[in-house]
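Here is a short report on strands, aromatic rings and a pocket. Please read it beside the model.

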Amino acid sequence: MFSLSCKLGWVKEVIVPDGQRSQWKIWTGGLSGKTYDEVALWGHQVHNGQRLQFSKAKTPAGRPLDPVYLLGNLHILKPHSRVTFQWEKD
């Protein structure tokens with residue numbers, strides 16, 4: 001399971017691909033005031049060479065988003081892992 005937590009105002013987003021042509025977006029911030037989001041992948045979905053893409057808003061309105069970091073090597077996660085990302089500053 002991947003979680004994103006952020007209490008900062010502008011939109012933050014993580015794209016979580018399964019490496020099999022599907023992906024999910026978890027996001028926080030913006031006008032919604034949402035501070036937490038999560039998505040889970042099955043064990044076989046983290047062994048496909050994919051990378052998580054972290055993005056943040058360029059404007060207070062939340063769009064467009066600017067990719068700022070890619071995180072790979074998801075295959076090293078053990079089954080039933082929970083990964084939480086806390087976005088600390090803009």
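In what follows, Ala, Val, Leu, Ile, Met, Phe, Trp, Tyr, Cys and Pro count as nonpolar, Asp, Glu, Lys and Arg as charged, and the others, Gly among them, as polar. By that scheme, the lining of the largest pocket divides into 8 nonpolar, 4 polar and 1 charged residues.

The model is predicted: local features need pLDDT of at least 70, side-chain atom pairs count only at pLDDT 80 or more, and totals for chains, interfaces and linings use all residues. Numbering starts from 1 along each chain as its sequence is written, and side-chain values use heavy atoms, with hydrogens and water left out.

**Pocket.** The largest pocket has a volume of about 250 Å³. Of its 13 lining residues, Leu41, Gly43, Pro79, His80 and Ser81 are the closest to the centre. A pocket is an open set of points on a 1 Å grid over the protein atoms alone, where a 1.4 Å probe fits, with protein on both sides within 12 Å along at least five of seven lines; lining residues have an atom within 4 Å of a point. The volume is the space filled by probe spheres set on the points, which are joined across faces, edges and corners.

**Strands.** Strands are DSSP runs (E, at least two residues), numbered from the N terminus. Two of them pair if DSSP finds at least two bridges between them. An open sheet of 4 strands has the order 3-2-5-6, with antiparallel pairing. Strand 3 (23-28) and strand 6 (65-71) stand at the edges with a single partner each, so one side of each has no neighbour in the sheet.

| Strands | Sense | Bridges | Example |
|---|---|---|---|
| 2 (12-17) and 5 (52-57) | antiparallel | 4 bridges | Lys12 with Lys56 |
| 1 (2-5) and 4 (36-39) | antiparallel | 4 bridges | Phe2 with Val39 |
| 1 (2-5) and 7 (83-86) | parallel | 4 bridges | Ser5 with Gln86 |

**Aromatic rings.** The structure holds 3 aromatic pairs (ring centres within 6.5 Å). Phe54 and Trp87 form a tilted one, at 6.4 Å centre to centre and 55° between the planes. Planes under 30 degrees apart would count as stacked, over 60 as edge-to-face, and the rest as tilted. Phe54 lies in strand 5 and Trp87 in the segment after strand 7, so the pair ties together parts 33 residues apart in sequence. Phe54 and Trp87 are buried. Phe54, Tyr69, Phe85 and Trp87 form one aromatic cluster.

Note on methods: Phe/Tyr/Trp six-rings, centres within 6.5 Å; stacked < 30°, edge-to-face > 60°. Buried < 20%, exposed > 50% of the residue type's maximum accessible area, 1.4 Å probe, protein only.
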